[in-house]
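Dear colleague,

Please find the structure below. A summary of the findings follows it.

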Amino acid sequence: MSISQLKEVKTNQVNEYIKNVYKKVEERNEGEYEFLQAVREIFDTIKPVLYDNPVYMKLNILERIVEPDRMISFKVPWVDDEGYVQVNRGFRVQFNNLLGPYKGGLRFHPTVNSSIVKFLGFEQIFKNALTGQSIGGGKGGADFDPKGKSDLEIMRFCRSFMTELSRHIGPNVDVPAGDIGVGEQEIGYLFGQYRKMRNSFEPGVLTGKPIAFGGSLGRKEATGYGTVYFVKEMLEDSNYSFQGAKVVVSGSGNVALYAMEKATELGATVVACSDSSGCIYDENGLDIEFLKQIKEDEKERVQHYTTVYSKAKYVEGCENIWSFPCDIALPCATQNELDMDAAKALVKNNVKAVGEGANMPCTYDAVNYLLENDVLMAPAKAANAGGVAVSALEMAQNNMRTHLTKEEVDARLQQIMKNIYAESIEAAKKYDDSDNLVVGANIASFIKVADAIVAQGV
Ligand SMILES: NC(=O)c1ccc[n+]([C@@H]2O[C@H](COP(=O)([O-])OP(=O)(O)OC[C@H]3O[C@@H](n4cnc5c(N)ncnc54)[C@H](O)[C@@H]3O)[C@@H](O)[C@H]2O)c1
C-alpha cells in the first residue's frame, strides 16, 4: 500500500470512529441540542489528534469523555412570600474529576434543563484543563427564575437547593460557583446552608464567596477581565489592539460589566451593551461606572441608562446588539445569542475580532462564517477561562488560609490567559497548520484530558 493510500485508510478510520460515537451520543441524549452542539464542536476539530494517536480510538476516549460520571437531578421545594409552596428542579452534572475535584458554576434561569447543564459541564472539562490548574469538570443549576423574586424568596430557594446539593459536594469532591442568576449573594446563602448541614466551616466548598468568609479579591472581575486579556493577546498577534477600537458587548451582567471595564481601561470605546429586553447605544462611549451602579446596586434594566444619558439610544430586542458597527464584538450574555444573521451583520460592518465571554454564545454556523471571513475568533473555553482560573486560586487560598492581594490575583490571571493563548495557538499551528484558535483550544485541552484518561486506566 502506498503512503497516500495508508493515509486515506487512517483518515477513514478516524472519520468512521467519530461518526459512530457521535451517533451513539445522539441516541443517548435525544433532544439535548445544546449538549449535542458542544460535543459536535469538539469532535469536528480533534480529527488530526486521533489520526496521530490511534491509541485514543483503541481506548475509546471519545465515548468515555462524553458520558458524565453522574448526572444528579433533584426536587427543590420552597415557600414564596404569599405562603404558597413552589417546586423547582435542581441539577448537578459531575462530568469528570480526572484533573481535580469537579468544578463549575450554578445557573439559576428558567431555561435550565439537562441539556443546558450538560453542555456547560462538557465545555467546563476542557476549559478547566486549559487553565493548567487541578480542577475537573462539572456544572449545575435550577430552572428557578430569580427575576422579580424578593431577597427572602431567593434565600429560601438557595437554602432548599443546598439542602439536597450538600450531600453531593465538598472541597475535595465538587466545588460549585456562580453563573447566570447566581452571584455573591446567592453563593452566601448557599454557603450558609452548607455550613449548617455539615456543622463545619469549609470555605473551599464554593467559590465566588464574599471576601469576609473566604472569597478571593479579583474573582468578581476575573471572567470579564480574562476575556479581554485573551482577546488582547490575539489582537497583538495580528497587529491590532483595543486602543481606539469600537467595542460592542452583549449582556450587562457579571462577565459583560467587567469586560467593558477592562476594554475601556485599555483604550477602547464601548459603544453598546444589552440585557434580555434590549440594547443601549452611544457612539461616544458608555459610562461603565454608571452601568455598574444600575446593574449591581439598583438592579435596573439597561433602558434606565437613557434616563440620565439622554443622547444614548435604547433599542428594544436584545438580538439587535450585533447590528451596531464595531471593531470588536464580545458576546457575554448567553448561549447561541450570536447566530448566522448576526455574524453576517458583523462581517458587513467590518468587525475584526469576536471574543466569547459567555459560554457557546455563537452558533455553530456563525463560528464557521466568521472564520471563513477572516474574523479573529477567541473561543469561549479559552477566552472565558479566567473566572474558573481565579476560582481555583480562591480554593488554594482557602486551603492555605491565606489571601492574595487584588494585584497578585490580577497578575496571575494575566499570566494564565497568556499561557492559554500560547498553548492554543501552538496546538493550532501544530495540528491544523493555522491560527484557528477554535481548533487550537479544543485540541490543546482535549489532549490533556485524554492523556489523563489513558494514564488512569479503565
Ligand atoms: N460568571 C462567571 O464567572 C462566568 C464564567 C464563565 C462563563 N460565564 C458565562 O458568561 C455568561 C454570562 O454569565 P454572567 O455570570 O455574566 O451572568 P449574569 O446573570 O451576571 O448576567 C447575565 C446577563 O445577560 C443578560 N441576558 C440574558 N439573556 C440575554 C440575551 N439573550 N441578550 C442579552 N442579554 C441577555 C441578563 O439580563 C444579564 O444582564 C453565561 O454564558 C455564563 O455561562 C460566566
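**Findings**

Aspartate 433, which follows helix α17, has a positive phi, near 50 degrees. Helix α17 (residues 406-432) itself has 27 residues and spans 38 Å from its first C-alpha to its last, close to the 39 Å expected at 1.5 Å a residue; the expected span is 1.5 Å times one less than the number of residues. Helices here are DSSP runs of H or I with at least four residues, numbered from the N terminus.

Please note that this is a predicted model, in which local features need pLDDT of at least 70 and side-chain atom pairs count only at pLDDT 80 or more, while totals for chains, interfaces and linings use all residues. Residues are numbered from 1 along each chain as its sequence is written.

The ligand is surrounded by 25 residues, the closest being Gly253, Cys318, Ala333, Ala358 and Gly387 (near means a C-beta atom, placed from the backbone, within 6 Å). Helix α10 (residues 254-265) gives the largest share of this shell, three residues. Domain 2 (70-201) and domain 3 (220-383) both contribute to the shell, so the ligand lies between them; the domain bounds come from an automatic or database domain assignment.

Helix α6 (residues 114-131) and helix α16 (residues 386-400) have axes that come within 9 Å and cross at roughly 65 degrees. Axes are lines fitted to C-alpha atoms over the stretch in contact, with angles running from 0 to 180 degrees between N-to-C directions. Lys127, Asn128 and Thr131 of α6 meet Val388, Ala389 and Ala392 of α16 (contact means C-beta atoms, placed from the backbone, within 7 Å).

Yours sincerely

Notes:
Helices (H or I, at least four residues) and strands (E, at least two) are DSSP runs, numbered from the N terminus. Two residues are in contact if their C-beta atoms, placed from the backbone, lie within 7 Å.
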